[in-house]
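Take a walk through this protein with the model open beside you. We will stop at a few places and look closely.

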Amino acid sequence: MRTALRTCPICDAVCGLRLTLDDDGHVLSVKGDADDPFSGGYVCPKGASLGRLDEDPDRLSVPMIREGEHWREASWEEAFQAVERGLTGVIEAHGREAVAAYFGNPTFHTMGGIFYRGPLAEALGTTNLYSASTIDQIPKHVAVGLMFGNSLAISVPDLDRTDFLLVIGANPAESHGSLCAAPDFPGRLRALRKRGGRLVVVDPRRTRTAGLADEHLFVRPGTDASLLFGIVHTLLAENLTKVRVPVSGLEELRELAAPFGPEAVAPLCGVPAETIVRLARDLAAAETAAVYTRVGTCTADFGTVTQWLVDVINVLTGNMDRPGGVMFTRPATMEVPWGPKPFTSGRWHSRVRGLPEVLGELPVGTLADEIETPGEGQVKALVTVAGNLVLSAPNGPRLGRAMRDLEFMVCVDPYLNETTRLADVILPPPRMLQMPHYDLLLLMVTVRNYTRFSPPVLPLEPGQLSEAEIMARLILIASGKGAHADPRELDEMILGELLGAGVQIPGSPFEGQDVATARAALEGDSGPELMLDALLRLGPYGLTLSALRANPHGIDLGALEPRLPEIVCTDDGRVRLAPAELADEVGRLRRKLSEAPADTLLIGRRQLRSNNSWLHNVPSLVGGSNQCTLHVNPADVARLDLRGTVLVRSAVGEVVVPVEPTEAIMPGVVSLPHGWGHAGSAQRVASQHAGANANALTDNAVLDAMSGNAVFNGIPVTLVPVEE
Ligand SMILES: Nc1nc2c(c(=O)[nH]1)N[C@H]1C(S)=C(S)[C@@H](COP(=O)(O)OP(=O)(O)OC[C@H]3O[C@@H](n4cnc5c(=O)[nH]c(N)nc54)[C@H](O)[C@@H]3O)O[C@H]1N2
Ligand SMILES: Nc1nc2c(c(=O)[nH]1)N[C@H]1C(S)=C(S)[C@@H](COP(=O)(O)OP(=O)(O)OC[C@H]3O[C@@H](n4cnc5c(=O)[nH]c(N)nc54)[C@H](O)[C@@H]3O)O[C@H]1N2
Ligand code: SF4
Ligand SMILES: [Mo]
């Protein structure tokens with residue numbers, strides 16, 4: 001028996017874990033690492049199941065090649081040759097634009113994803129690039145890009161010090177937080193109230209987070225922007241603002257907010273006018289306060305406008321970049337700019353719908369159009385890394401049908417699932433415990449400055465490839481170097497670029513050195529570890545990979561400190577309160593105020609023992625409360641005479657699901673979790689708990705205008721009783 005320390009790679013909470021393994025590498029137990037200074041021993045049911053997930057017998061261990069409807073195992077050499085034939089065939093016949101790539105949610109977590117997705121995108125040489133960003137958080141990047149000139153200016157609520165937390169469209173008691181890494185988020189919320197703080201939750205469902213709150217307010221889906229404008233209007237009208245950071249556009253903001261008085265917005269958002277006024281006054285009066293929002297508003301109509309107004313309120317109430325308000329993490333690694341600074345978008349447009357590029361990507365919501373629509377530049381080949389788009393994308397089933405028409409598709413994925421079964425080749429990464437782990441992105445949004453590295457717990461099997469090597473081989477194929485090129489060559493290229501920049505940074509430990517000398521100083525057992533070592537050395541704490549190895553429980557780097565001047569990249573160094581780019585959307589919102597709302601609106605629901613589409617094959621994580629049911633208010637159940645199961649119909653599709661009556665959902669709103677729909681899956685446990693695909697109901701034609709993000713919440717649906 002032995003113990004191993006390891007950061008949990010599943011969700012954004014970055015919990016430190018302590019694993020016990022037997023001599024064969026079988027995980028006997030998973031506990032929270034009590035010595036981790038950040039997570040302090042916390043573990044959730046998913047983390048506790050990490051061993052079973054990692055040892056899932058349905059995980060692929062060798063590459064798979066499809067022949068007609070039949071899959072067979074293949075050697076790595078054969079698989080990469082098939083990829084080379086497939087990709088170069090399409091590129092030669094149709095050009096590089098005919099290749100698209102999708103980078104899914106786990107690529108934000110894995111080192112193979114984080115360090116190699118950029119180089120793979122570049123090597124493919126196509127503008128048909130897609131990622132989970134446009135079905136998740138891209139409205140946030142656009143909003144802060146417009147306000148701060150920096151698409152990575154993502155502040156986190158200072159959870160452990162705030163006096164008032166307003167949570168809108170997030171359910172961290174079950175999701176454990178998002179774009180805000182805080183192990184034991186529920187415990188931190190309880191601690192907030194215990195120290196006399198106040199927690200208010202705005203959500204069309206009375207969630208587990210709402211259950212921890214002082215107050216919960218139902219809001220009509222997709223209308224948060226109007227609610228927030230009501231708060232902004234009140235703050236300005238009652239002179240409650242105390243702006244503490246340099247801003248521009250205050251007068252323009254006043255004009256934009258003028259039509260959105262509390263009385264005007266209340267009928268649309270469903271929150272009474274006097275409550276909106278009270279919220280504004282309470283936020284202004286609180287010693288410190290933070291407004292936090294996530295998926296519920298990012299993946300709804302007016303996503304970008306809503307994200308903008310959240311930070312407007314944080315600025316107006318004097319809580320931007322201040323202890324107890326919202327703050328910017330100072331990560332241990334060098335901050336590499338993502339996208340142009342100052343922020344801009346629309347440098348190119350999608351072929352079929354003319355949608356603007358954002359951060360070098362096009363919206364997932366238009367990938368089906370690009371595959372289906374003939375003409376110059378039509379997508380004929382697809383590379384996916386860690387994505388299950390048939391279950392995750394808006395109108396996923398349509399995208400799945402489109403995938404059948406591709407000339408070639410390759411997936412880097414450990415499972416044969418609803419999406420990968422449409423591919424020609426599947427390249428499986430090793431088990432999670434065989435990979436090193438460093439949460440490069442999530443450690444940029446921690447609520448305390450903190451860092452932790454986990455070396456692989458288990459070695460690779462002879463002949464097995466790391467995810468980094470798989471990615472490197474794909475990159476070499478895409479750049480024309482062929483299926484046999486040495487992946488180390490690519491690692492050296494990436495390191496060379498990184499250090500080439502590093503030696504020019506004044507004050508950096510590599511300043512003035514030649515790249516070879518800087519390279520010789522790096523330590524690490526693999527490409528990604530060497531890259532991490534470089535980023536740590538170039539980071540603000542002067543850390544190294546070996547320092548992190550010497551501190552396997554992680555290192556506390558202190559409470560967050562104000563750092564806005566380093567974050568803002570606008571021309572005049574001021575935070576733009578009223579970006580002119582948003583004027584059209586504000587106009588559209590104003591027109592909404594007089595529109596009649598739809599009858600029944602569908603929203604989503606994350607479940608504690610689930611994670612998007614890929615944890616349903618672990619017996620301990622399915623069944624019980626984790627089921628694909630439709631939450632319906634009892635008043636609607638009675639009104640529509642619903643029993644047992646119901647057919648839910650939207651503009652694009654329909655599903656039949658069991659009804660679960662509950663007072664926790666607002667009348668006129670129904671909720672269905674996403675990530676289900678595993679009928680016929682090769683994942684044997686998941687197929688026994690199939691559920692229905694919520695994204696058979698969501699419409700890829702409807703996107704957030706500013707960011708191209710999918711709209712998953714507030715989908716008009718009709719409910720039809722089904723005879724048993
Ligand atoms: N209706 C609705 N749809 C939604 C959402 C919603 O709230 N409602 N949420 C959206 C959000 S926020 C997100 S992030 C997306 C997520 O959507 P996707 O990006 O498609 O991600 P997942 O569904 O999590 O699928 C992850 C895939 O990665 C594979 N995988 C797991 N571990 C690894 C690994 O280590 N390496 C590799 N290469 N692959 C791995 C899994 O087998 C699975 O195929 O879904 C979105 N879809
Ligand atoms: N257990 C678990 N944890 C997860 C995941 C998971 O699938 N399961 N997924 C991970 C991922 S990829 C992400 S991005 C994060 C997401 O983290 P969160 O954003 O915290 O997750 P959700 O549970 O989707 O929270 C969205 C909330 O918004 C509400 N909502 C829906 N529509 C609206 C609306 O129009 N307005 C308002 N105000 N609220 C609305 C929903 O009822 C829901 O409670 O979670 C991560 N962690
Ligand atoms: S909260 Fe997230 S990071 Fe922590 S143990 Fe659970 S799944 Fe893992
Ligand atoms: Mo997500």
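Predicted model: local features only at pLDDT ≥ 70, side-chain atom pairs only at ≥ 80, totals over all residues.

Look at N388: one of its backbone N or O atoms lies 2.7 Å from an oxygen atom of the ligand. E467 uses its side chain instead, with a polar atom 2.6 Å from a nitrogen atom of ligand 1. N695 also has a polar side-chain atom by a nitrogen atom of this ligand, at 2.9 Å.

Now move to ligand 3. Which residues are around it? They are C8, I10, C11, A13, V14, C15, C44, K46, G47 and H176. Sorted by class, this shell has 7 nonpolar, 2 polar and 1 charged residues. Pick out C44 from the group: it is buried, with a relative accessible area of 11%.

The UniProt record, an unreviewed entry, places a feature at residues 1–58.

Cysteines raise another topic. A disulfide is a covalent bond between the sulfur atoms of two cysteines. How many disulfides does the structure hold? The count is 0. Take C269 as a case. Its closest cysteine sulfur is in C298, 19 Å away. A disulfide needs two sulfurs within 2.5 Å, so this pair is too far apart for a bond. C269 is also buried, with a relative accessible area of 0%.

Finish at helix α14, residues 303–316. Is α14 mostly covered or mostly open? It is mostly covered: 14 of its 14 residues are buried.

T306 sits in this helix. Its relative accessible area is 1%, so T306 counts as buried, the cut-off being under 20%. A polar atom of the T306 side chain lies 2.7 Å from the backbone oxygen of F302. An α-helix has 3.6 residues a turn, so residues three or four places apart point the same way. Just after α14 comes G318, where phi is positive, at about 80 degrees.

Terms used
Residues numbered from 1 in each chain as written. Chains lettered and ligands numbered in written order. Heavy atoms only, no water. Helix = DSSP H or I, 4+ residues; strand = E, 2+ residues; numbered from the N terminus. Expected span 1.5 Å × (residues − 1). Buried < 20%, exposed > 50% of the residue type's maximum accessible area, 1.4 Å probe, protein only. UniProt positions renumbered as here; feature names shortened; annotations may be inferred. Near = heavy atom within 4 Å. Nonpolar A, V, L, I, M, F, W, Y, C, P; charged D, E, K, R; others polar. Polar contact = N/O pair within 3.5 Å; in protein donor to acceptor, adjacent residues only side chain to side chain.
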